[in-house]
Amino acid sequence: MTQPDRPDIVVFPPLIPLAVLVIGLLLQWLLPLGGLIQIPVQPRIVIGAVGFAVGVTLIVIANRHFQRIGTNTRPTLPALAIATDGIFAHLRNPMYVGGILALIGIALGFALDWVLLLTLASLPLLHYGIVRREETYLEAKFGEPYRRYRGAVPRYGWKR
């Protein structure tokens, strides 16, 4: 039996931020913690809006780049090419970093303590259940070119 030509991820990635938002809003309504509301409203909203805007921008740029090079954006489909230029020359996972920043921005802007806590709690799932599995798949599929890229560009940080 052959292995499918896609990463063996444990969950479809957009479900993570969706679950964080839905469960976080429900918990905020049922059991508000009141921590983020203590931050003065104007700086909290400005920082939240900037975080959200930067996050969404990273996601949009990365999606457009994938379309431009002719590869799939959905990890449930085969990777057709390695994205190594543009935003991907600085950051290997701009969509996931963007999603995290957007969630943190929403949490700060709307003082949603549970969304912030659940975002942080979801990071191991994202890292081990998706990112590491995608890396294993890409290394098996593309070999040395992917290993060189992985060695040169940070997984979540920013390369100048």
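## Leu 58 and its surroundings

Leaving aside neighbours within four places in sequence, Leu 58 is in contact with Ile 87, Leu 91, Pro 94, Val 97, Gly 98 and Leu 101, where contact means heavy atoms within 4.5 Å. Leu 58 has its place in helix 2, and helices here are DSSP runs of H or I with at least four residues, while strands are runs of E with at least two, both numbered from the N terminus. With a relative accessible area of 11%, Leu 58 is buried; buried means under 20% relative accessible area, exposed means over 50%, and partly exposed lies in between, using a 1.4 Å probe and protein chains only. Leu 58 and Tyr 96 are 38 residues apart in sequence, and their C-alpha atoms are 8.8 Å apart in space.

## The model and the whole chain

This is a predicted model, in which local features need pLDDT of at least 70 and side-chain atom pairs count only at pLDDT 80 or more, whereas totals for chains, interfaces and linings use all residues. Residues are numbered from 1 along each chain as its sequence is written, and side-chain values use heavy atoms, with hydrogens and water left out.

The protein chain has 5 helices and 0 strands, and its C-alpha atoms fill a box of roughly 50 × 40 × 25 Å along the principal axes. Of its 160 residues, 36% count as buried. Among contacts between residues at least 6 apart in sequence, 80% join residues at least 24 apart.

## Helix 3 against helix 4

Two packed helices are described by the angle between their axes and the distance between the axes. Helix 3 (residues 94-109) and helix 4 (residues 113-142) pack at an angle of about 175°, with their axes 10 Å apart. Helix 3 is therefore roughly antiparallel to helix 4, a description used for angles over 145 degrees, just as under 35 counts as roughly parallel, 65 to 115 as roughly perpendicular and the rest as oblique. Residues making this contact include Tyr 96, Ile 100 and Leu 103 of helix 3, and Leu 123, Val 131 and Glu 134 of helix 4.

## Asn 93 in a loop

Asn 93 lies in the loop between helix 2 (41-69) and helix 3, and Asn 93 is buried, with a relative accessible area of 9%. Apart from neighbours within four places in sequence, Asn 93 is in contact with Val 131, Glu 134, Arg 155 and Tyr 156.

## An exposed tryptophan

Trp 29 lies in helix 1, and Trp 29 counts as exposed because its relative accessibility is 68%.

Technical notes
Axes fitted to C-alpha atoms, helices over the stretch in contact; angles between N-to-C directions.
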